Amino acid sequence: MKLTKLTALAATTALCAPMAMAADMANEMTIVSWGGAYQESQLKAYVVPYQEMHPDLKVIWDESSAEATAKMRAMTEAGNVTWDLVDVVASDAMRMCDEGLAAELDHDEVLAAAPDGTPASEDFGELIVSDCFVPQIVYSTTFGYRMDKVGDTPPSSICDIFDTAKYPGKRALQKRPIDNVEWALYCDGVAKDEIYDVLSTDEGVERALAKLDSIKDQVVWWTAGAETPQLLADGEVVMGSTFNGRLFSAIAEQNQPIDMLWDMQSFDLDGWIVPADLPEDRKARVMDFLKFATDTQRLADQAKFISYGPARASSAPLVGKHAILGIDMAPHMPTDPANAGNVHVYDYEWWADNRDDLDAKFQAWLAK
Amino acid sequence: MSDTTHTGPVLAADGTPLKRSLARALRMQKIRALMLIAPLLLFVLLTFILPIADMLFRSVENKIVSDTLPKTVVALKDWDANSGETPDEAIFAALAADLQVAAQEKTHTRVGSRLNYENPGISSLFRKAGRKVKRWDLAEDGPFREQFIKIDEDWADPEVWRTIQTYSGAYTNGYFLNAADFQKGAEGAELRPENERIYGTLFLRTLIMSLAITVSCIVLGYPVAWILANLPSRTANLLMILVLLPFWTSLLVRTSAWKVMLQQQGVINDTLVWLGLVADDARLVMINNQFGTIVAMTHILLPFMILPMYSVMQTINPSYLRAAKSLGATNWTAFWRVYFPQSVPGIGAGSILVFILAIGYYITPELVGGTKGVFISNRIAFHISQSLNWGLAAALGSILLVVVLALYWAYDKIVGIDNVKLG
């Protein structure tokens, strides 16, 4: 009995499938993301609801966003791009757009307008940093510290990182010059809006490295975002930089004795790009999904699962409580006014030009 | 005996010369043998030799400049880089024509980033110019010299043009120079500024640490292999499982386990503090440095040393040792003069395996090496997946390959590759 029902069901699905599917949409889609809690939030907020509407769609995840540019380049060179939608940070999106690896989009045409009718380009505003980029979240690189190891006066300024007398112990910093050299110059007395002018000179770079030199023997260098929360939990470091969502999960979900230091948090964007030159049917499917996944409600939904701010202005008021813990999410967002008192926005253009040079100097300095 | 005076070729039964007939039979056999291994040969060729050749080729290939800026390259031929003057209108016009095509195909940024490796800042010059040039009318809008300089005054900098001229050939040694801490200056190759030199240190460190890892594997592995080879087989099999079990565990798991063990709040430090051997505020730093890398990699590579040693030691006849002792040798003499020389092929095989594996490792050093314990492979991985400077990665990889081959050659000269036995 059960079996016949199943067979009947399968037969109906098989018969209906071609009809349900819009004539020219592919039924398979490969989404590239970062894995972990972040990918989970995308799955729950966008993919599951979308699949409920399109039950025939098969979604394949690829967790290669960290090497997305390199892989896209290789796939394009080989003439076989297997990805349909790629989640990348803004600077990677700009690189891919410049190199023609990502498709240029008309944001107002392909994205849903806000509920009150504001066109998408206005709703996303300045966060559309490239013609190929559809912003999704605002995250930040910021510091966490062990509450039990900083005494009665917890650090309140970014420059406390460089104060080993007041806060002895190791610090975790990302093993790359970006953010670190800016923080170093800022704490060496350079005004925020002059940081990149100073960095453009050889003396400026020397100055930043000299400042970092003062804590060099106290630094544990990380390359994966999960390392700092782990090092903090183990008590290996007193404070360390990482992405704010990782710290949120250590603090709120795992109840570690960690607190956040939001001063000079470094804002960055993450979002989608669509590979250039996709076949028509695959492109139609991706565009349909993209329109759904970046509408006002969906972006607000994602914030129920992870503490990254939605990139749409119209989503912000809809941010509610954590889906499982039930705590209010707004105070944990990097964009919350209480947290965003002093933020650092890094200069994509400047880094695009100077990355290789600075990296060579930084790595040589590290090796010394 | 009259046959020996016969000068013509020896003939086979069917009248053809025996030599040819034999050669034909042999050729048939060779072809058949070749057919049998053809799938393997093809597989190795397609998946191993070709990618390596392609990789090696990337380290000298530099077509991007002449492909993207063909007219500019030709126009620049006669320009004197040392004159200190900005090129004339003809060259700028050629650049405008090239850039317009390139901007449509979006290849101008690739040229920009290629040249940016040599002269930081060029990338943005090309990007800015590409945006504007796309809209120019080449026939009407000239002259272009002033317009380029208006987009960015760096276009007037002869240094920018010298870079384009220097890297306009289809092949370049620029990547190799970079990989050896050199750069192309106005007068040929020159050493990079001291604060940018890194690869020499890294190559040397990779070699020294790989050697240290190999030596510690020999020291730790030899007694284990000896015990395995000399125990009754039932006990030996049990011990063998202890050797193989970690070998079957994921590399990442084992590396992370070392992190837990070695860190300052880790198991070993906790134990030492508890025993009172180390003060609580002076815990040992055993990870994120060279020591951590050597310990973790020795552990990971140890089975590659033990297994060849074991299989060689198993073939050593124990009666030789007994014979030596019966002739009056002490235990040590018997071991050192009789047993050890016979086990050398095993050490050789294990050492080659461990050393070559170690020299190319990058996951473990990345995780536990900190800054002082990373290998050259970490930089190669970085340039492949992060900075996307594949040419430099290929050059570094080629140098590493040559170093390994040279060491192999030296090893063959000193020890002799015939002395290496895997069983």
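Modeller: Ser311(B) counts as buried because its relative accessibility is 18%, buried meaning under 20% relative accessible area, exposed over 50% and partly exposed in between, with a 1.4 Å probe and protein chains only. The residue lies in helix H14 of chain B, which covers residues 290–314; helices (H or I, at least four residues) and strands (E, at least two) are DSSP runs, numbered from the N terminus. The C-alpha atom of Ser311(B) is separated by 9.7 Å from that of Ser343(B), a residue 32 places away along the chain.

This is a predicted model, in which local features need pLDDT of at least 70 and side-chain atom pairs count only at pLDDT 80 or more, while totals for chains, interfaces and linings use all residues. Residues are numbered from 1 along each chain as its sequence is written, chains are lettered from A and ligands numbered from 1 in the order in which they are written, and side-chain values use heavy atoms, with hydrogens and water left out.

Staying with chain B, the side chains of Glu196(B) and Arg192(B) meet in a salt bridge with an N to O distance of 3.1 Å, the rule being a side-chain nitrogen of Lys or Arg within 4 Å of a carboxyl oxygen of Asp or Glu. Glu196(B) is buried, with a relative accessible area of 10%, and for Arg192(B), likewise buried, the value is 10%. Elsewhere, salt bridges that share partners join Asp98(A), Glu349(A), Asp353(A) and Arg127(B) into one network.

Two helices of chain B also deserve attention: the axes of H12(B), residues 251–262, and H13(B), residues 267–275, come within 4 Å and cross at roughly 20°, where axes are lines fitted to C-alpha atoms, for helices over the stretch in contact, and angles run from 0 to 180 degrees between N-to-C directions. H12(B) and H13(B) are therefore roughly parallel to each other, since angles under 35 degrees count as roughly parallel, over 145 as roughly antiparallel, 65 to 115 as roughly perpendicular and the rest as oblique. In this pairing Val260(B), Met261(B) and Leu262(B) of H12(B) meet Val267(B), Ile268(B) and Asn269(B) of H13(B), contact meaning heavy atoms within 4.5 Å. By class, the contact of H12(B) with H13(B) has five nonpolar residues, one polar residue and no charged ones.

Turning to the interface, 38 residues of chain A are in contact with 37 residues of chain B. The area buried between the two chains is about 3400 Å², and carbon and sulfur atoms give 43% of it; buried area is the accessible area (1.4 Å probe) that two parts lose on being put together, summed over both. Of the area that chain A buries against chain B, Asp98(A), Glu236(A) and Asp353(A) supply 17%, more than any other three residues. Glu104(A) forms a salt bridge with Lys106(B), in which the closest N and O atoms are 2.6 Å apart.

Within chain A, the side chains of Lys361(A) and Asp357(A) meet in a salt bridge at 3.4 Å, N to O. Lys361(A) and Asp357(A) both lie in helix H14 of chain A, residues 348–367, four residues apart, about one turn of the helix. An α-helix has 3.6 residues a turn, so residues three or four places apart point the same way. Lys361(A) is buried, as is Asp357(A).

Asp179(A), in the loop between strand E5 (171–174) and helix H7 (180–187), has a positive phi of about 75° although it is not a glycine. Asp179(A) counts as buried because its relative accessibility is 2%, and its side chain meets that of Arg176(A) in a salt bridge of 3.8 Å, N to O. Arg176(A), in turn, is partly exposed, with a relative accessible area of 24%. Asp277(A), in the loop between strand E8 (258–273) and helix H12 (280–293) of chain A, has a positive phi of about 60° and is not a glycine either; with a relative accessible area of 74%, Asp277(A) is exposed.

Methods. Ala, Val, Leu, Ile, Met, Phe, Trp, Tyr, Cys and Pro count as nonpolar, Asp, Glu, Lys and Arg as charged, and the others, Gly among them, as polar.
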